[in-house]
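Please open the structure in your viewer and keep the selection tool at hand.

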Amino acid sequence: MSEMLDMEPRVMIFLTCVGLLTAVAAVFDFRIKKIPNKLTLPVFAAGLVYKTWFFGWGGKLLVPGLVDSLAAFACGFGLFYVMWMTGSGGAGDAKLMGALSVWIGFKLTWYVMVVSTIFVILGTIGVMTWQVLTHGLFRTKETYLATDKTPKGQTPVAETAGQRQSRRVMGYAPPVALATWLIVLWKLPKFPQF
């Protein structure tokens, strides 16, 4: 416990910012199903300043610094941007991973994406099982599956983002928060060389 009290400022700043980002994003995503730009954009900019101030340029991938943060951003935001454009993720998820990845770096970004995806799969299985047990298979199917509800003879109307969002089983930010906390605490003794 005394090691936790003797942490240097860069560790405390890192833990505070990453913890607050993921916790606040998880609450927003759980309650209103949105992650606001007012949260992600300032944290992204602060992450770039933090990495440059405490670790410098870095010069190489997987070395703490600006280069590692930019590579992590390209990975985290880039993958989730593609998911958003294909309709399998939200814009807030992409912004969250972009802001978070700048802070945690390239290697931990991959860990967080893999572990949070596992949490999403397990959570979705749990929610769907609970829904089937409490509401029945047909009502659950009606709630979560996009079915063609266009009357015969009319041109089908594309599903809106709001309609897709209402069918969403669970948000991505809570699993990202849980995965981030577990991985950061696991790797903390090696800080900043995760």
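## A tour of the rings

Phenylalanine 106 and tryptophan 110 are about one helical turn apart, because four residues separate them in helix H5 (residues 91-135). Select both side chains in this predicted model. Tryptophan 110 has a relative accessible area of 39%, so this residue is partly exposed.

Now move to helix H3 (residues 37-55) and select tyrosine 50 and phenylalanine 54, which are four residues apart, about one turn of the helix.

Phenylalanine 106 and tryptophan 110 form an edge-to-face aromatic pair, with 6.4 Å from centre to centre and 75° between the planes.

How many aromatic pairs does a search of the whole structure find? The search gives 10 aromatic pairs. One of them is formed by tyrosine 50 and phenylalanine 54: this pair is tilted, with centres 5.1 Å apart and 50° between the planes.

Next, select Phe44, Phe73, Phe77, Tyr81 and Trp84 together; these residues form one aromatic cluster.

For the last stop, select tryptophan 186 and lysine 187. Where does the charged end of lysine 187 sit? It lies over the ring of tryptophan 186, 4.4 Å from the ring's centre.

Methods. Residues numbered from 1 in each chain as written. Predicted model: local features only at pLDDT ≥ 70, side-chain atom pairs only at ≥ 80, totals over all residues. Heavy atoms only, no water. Phe/Tyr/Trp six-rings, centres within 6.5 Å; stacked < 30°, edge-to-face > 60°. Helix = DSSP H or I, 4+ residues; strand = E, 2+ residues; numbered from the N terminus. Buried < 20%, exposed > 50% of the residue type's maximum accessible area, 1.4 Å probe, protein only. Lys NZ or Arg CZ within 6 Å of the ring centre and 35° of its normal.
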